[in-house]
Amino acid sequence: MIFEVLTLFPEIIQNYCDVSIMKRARESGIFDVKTINPRDFTLDKHKKVDDTPYGGGAGMVLAPQPYIDAYDSITKAENSITVMLSPQGEPLNENLVIELAKYNQIIMLCGHYEGYDERIREIIQPREISIGDFVLTGGELPALCLIDAVSRKIEGTLGKIESAEEDSFTNGLLEYPQYTKPRDFRGYKVPEILLNGNHKEINEFRFQQQLERTKKRRPDLYQKYIDNNK
């Protein structure tokens with residue numbers, strides 16, 4: 001898997017991906033993260049990548065030339081997808097993460113300022129993805145959310161693939177509560193059933209905890225799970 005990120009701030013992407021689990025996975029060759037800066041492709045002598053919008057309005061708009069040329073410089077894999085991080089896109093969820101993890105290359109466009117010249121969309125025709133119904137200063141944080149979520153689905157990134165399989169949303173429910181040592185902390189005790197070594201009973205307990213937690217915190221997910229498992 002290769003993540004290719006078009007960004008005006010490559011250090012944000014690289015710094016995050018150079019620590020902890022992400023760093024170990026990259027060093028092991030499980031996936032790689034590359035950044036391409038549109039400023040390196042602009043024909044403007046001042047390295048500008050934006051300009052005022054036609055028709056008036058506040059802010060600056062990202063110009064098509066540097067972004068299209070930067071995009072064209074990337075060698076596209078046969079099994080590749082291009083994603084634009086945008087509040088106008090489809091919501092990023094577990095099913096979409098699983099789908100994206102099947103690609104060998106994900107190219108991401110990170111916007112800034114008042115957004116993209118519409119011709120960037122028209123020429124590249126990316127799949128637009130949003131991490132929520134709110135607006136951020138730029139697309140780097142959404143891109144990192146996507147990289148982090150997708151990389152967890154790639155075999156070898158986590159110590160055990162079961163770590164991803166037991167995450168929230170994997171089976172349509174929120175994850176069950178977890179405990180570690182000590183058994184008693186300030187009067188709050190680990191449930192006894194987790195200490196008896198009976199894995200069947202433990203699994204049943206955890207499943208019930210998933211149901212209860214999802215029903216309480218995300219009734220929409222709970223109802224969807226019930227409807228799909230009638």
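This report covers the nonpolar cores, aromatic pairs and a surface patch of a predicted model.

**Cores.** The largest nonpolar core has 25 residues, and Phe3, Ile106, Met108, Leu146 and Ile147 touch the most other members. Two or more residues each come from strand E1 (2-6), helix H2 (20-27), strand E5 (80-91), helix H4 (94-100), strand E6 (105-110) and H6. H6 contributes the most, with 5 residues. Beyond its neighbours within four places in sequence, Met108 contacts residues including Phe3, Val5, Val83, Leu85, Leu146 and Ile147. Another core, of 16 residues, lies apart from the largest one; Leu6, Leu109, Ile120 and Ile124 are among its members.

**Aromatic pairs.** The count is 3 aromatic pairs. Two of them are tabulated here.

| Pair | Centre distance | Plane angle | Geometry |
|---|---|---|---|
| Phe3 and Phe31 | 5.7 Å | 85 degrees | edge-to-face |
| Tyr67 and Tyr116 | 6.1 Å | 85 degrees | edge-to-face |

Phe3 sits in strand E1 and Phe31 in the loop between H2 and strand E2 (32-36), so their pair ties together parts 28 residues apart in sequence. Phe3 is buried at 0% relative accessible area. Phe31 is buried at 3%.

Tyr67 belongs to helix H3 (residues 64-72), and Tyr116 to the loop between E6 and helix H5 (118-124); the two are 49 residues apart. Tyr67 is buried at 0% relative accessibility. Tyr116 is buried at 10%.

**Surface patch.** Ile131, Phe134, Leu136 and Leu141 make up a nonpolar surface patch, together with about 340 Å² of accessible area. Leu136 is in the loop between strand E7 (127-130) and helix H6 (140-151). Its relative accessibility is 34%, so Leu136 counts as partly exposed.

Methods. Residues numbered from 1 in each chain as written. Predicted model: local features only at pLDDT ≥ 70, side-chain atom pairs only at ≥ 80, totals over all residues. Heavy atoms only, no water. Patch = residues over 30% accessible without salt bridge, like charges linked within 9 Å, V, L, I, M, F, W, Y side chains within 5 Å. Areas by Shrake-Rupley, 256 points an atom, 1.4 Å probe, with all protein chains shown as cover. Salt bridge = Lys/Arg side-chain N within 4 Å of Asp/Glu carboxyl O. Helix = DSSP H or I, 4+ residues; strand = E, 2+ residues; numbered from the N terminus. Buried < 20%, exposed > 50% of the residue type's maximum accessible area, 1.4 Å probe, protein only. Core = buried A, V, L, I, M, F, W, Y, C linked by side-chain atoms within 4.5 Å. Contact = heavy atoms within 4.5 Å. Phe/Tyr/Trp six-rings, centres within 6.5 Å; stacked < 30°, edge-to-face > 60°.
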